[in-house]
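Reader: I would like a close look at one part of this model, the metal site and what surrounds it. Please take me through it step by step.

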Amino acid sequence: METPFWRHIDAGDGLHVAFSSVRAGNLSLNAGVRGADDQHAARRQVLGNRRALEAQMGISPQSLRFLHQVHSADVLDVADVADRTLSTVEEEPPVGDAWISADAGTPLAIMVADCLPVMFVGRAEDGAALSAGAHAGRVGLLTGVLENTVAALRRAGAAQISAWIGPAACGSCYEVPEAMRQESSRHRPALVSETSWGTPALNLRGEAAAVLRTQGVEVHDLGGCTIEDDSLFSHRRAPEQGRFAGLVWRA
Ligand SMILES: [Zn+2]
C-alpha cells in the first residue's frame, strides 16, 4: 500500500515521528469540510481518513488525538483531557496549540497547512520516553508556543529533548507585508526573510530552530515547503482543501 507519510522517522524504542501527505487525505473536521456541498459526507470522509491513517500507524481506531487549534501558546497535558468519551473528542476536541504525553502513550496529532508542525520526543533521566507536538505558525511562534512546549516537557521530567521540524511555508515563499515582517522580527531576528521574487517574507523554520537550540533541544529540520510541494496541503496555494498532520506515537 502507498505510504500515507511525507516523512516517517524511527525515533527509537518503538517511538515514531511522521508527517502525513495528501495521500492520507484531509484530516481536519473544519478545513476542507466547512465549504463542502455535503458536510456530512465530508466529515465521514475525514473520519475515514483518520481510521485509515491509524491503521497505517499500527495503533487502535480512534486512539489518535487531535486538538482544536486557535493560534495560542497554550500547552495541554493529554492526560488531563483523556477521560472524555471518544465521540466527544471528535466533535469537541480540546482547545490548544500544543500538547504533551508524559508517558508517550497517547498518539498525538498537530494539524497544519503552511504553519509549522514541530513534534518532540523526550527522555527522562531513567530513559522513560515523553512525547509532544506543537502548532507553530507566526502567531504561536511570537507568543512562545515552542518555549512553552519545551518547558512542559521538562516539568514532566524530560532531561533530553529532540524535535523534528516538519514542512511549512518556507522562508522563500511565505510573503508578508513589510510592516508585519518588521513587527514580527523585532525580538526574533531569525524570522526575517525575503521571497524568491524579492518581497518581505518570514522564515518560520529558521526561527523555530533558533528557539529550540537556545532551549537545549536537539533539532532535526526536515525542510519541505507546503507551497512548493503539492504532496502537502497548503492554505495559501490551494485554500480550504484540508490539513495534513505531524504525528508522534508509540507503535
Ligand atoms: Zn517555498
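Author: Along the chain, the donors of the zinc ion follow the spacing C-x2-C-x51-C-x2-E. They are Cys170 (SG), Cys173 (SG), Cys225 (SG) and Glu228 (OE), at 1.9 to 2.3 Å from the ion. Donors here are N, O and S atoms within 2.8 Å of the metal (3.2 Å for Na, K and Ca); water is not among the atoms, so sites may look incomplete. This is a predicted model, in which local features need pLDDT of at least 70 and side-chain atom pairs count only at pLDDT 80 or more, while totals for chains, interfaces and linings use all residues. Residues are numbered from 1 along each chain as its sequence is written, and side-chain values use heavy atoms, with hydrogens and water left out.

The four donor atoms subtend angles of 103 to 115° around the zinc ion, which makes the arrangement tetrahedral (four donors count as tetrahedral if all angles lie between 85 and 135 degrees). Helices (H or I, at least four residues) and strands (E, at least two) are DSSP runs, numbered from the N terminus. Cysteine 170 counts as buried at 14% relative accessibility, whereas glutamate 228 is exposed, with a relative accessible area of 56%. Buried means under 20% relative accessible area, exposed over 50%, and partly exposed in between (1.4 Å probe, protein chains only).

The loop between β8 and α5 also holds glutamate 175, which is partly exposed at 33% relative accessible area. Its side chain and that of threonine 199 are joined by a polar contact of 2.6 Å. A polar contact is a pair of N or O atoms within 3.5 Å; within protein, one must be able to donate a hydrogen and the other to accept it, and residues adjacent in sequence count only if both atoms are side-chain atoms. Leaving aside residues up to four places away in sequence, glutamate 175 touches, among others, Trp197, Pro200 and Arg236 (contact means heavy atoms within 4.5 Å).

Next comes helix α5 (residues 178-185), where arginine 181 lies. Arginine 181 is buried, with a relative accessible area of 16%. Beyond four places in sequence, its contacts include Val176, Glu194 and Leu202. Serine 184 is also in helix α5 and is buried, at 2% relative accessible area.

Definitions and conventions: Four donors count as tetrahedral if all angles lie between 85 and 135 degrees; four count as square planar and six as octahedral if opposite donors are over 155 degrees apart and all others between 65 and 115; anything else is irregular.
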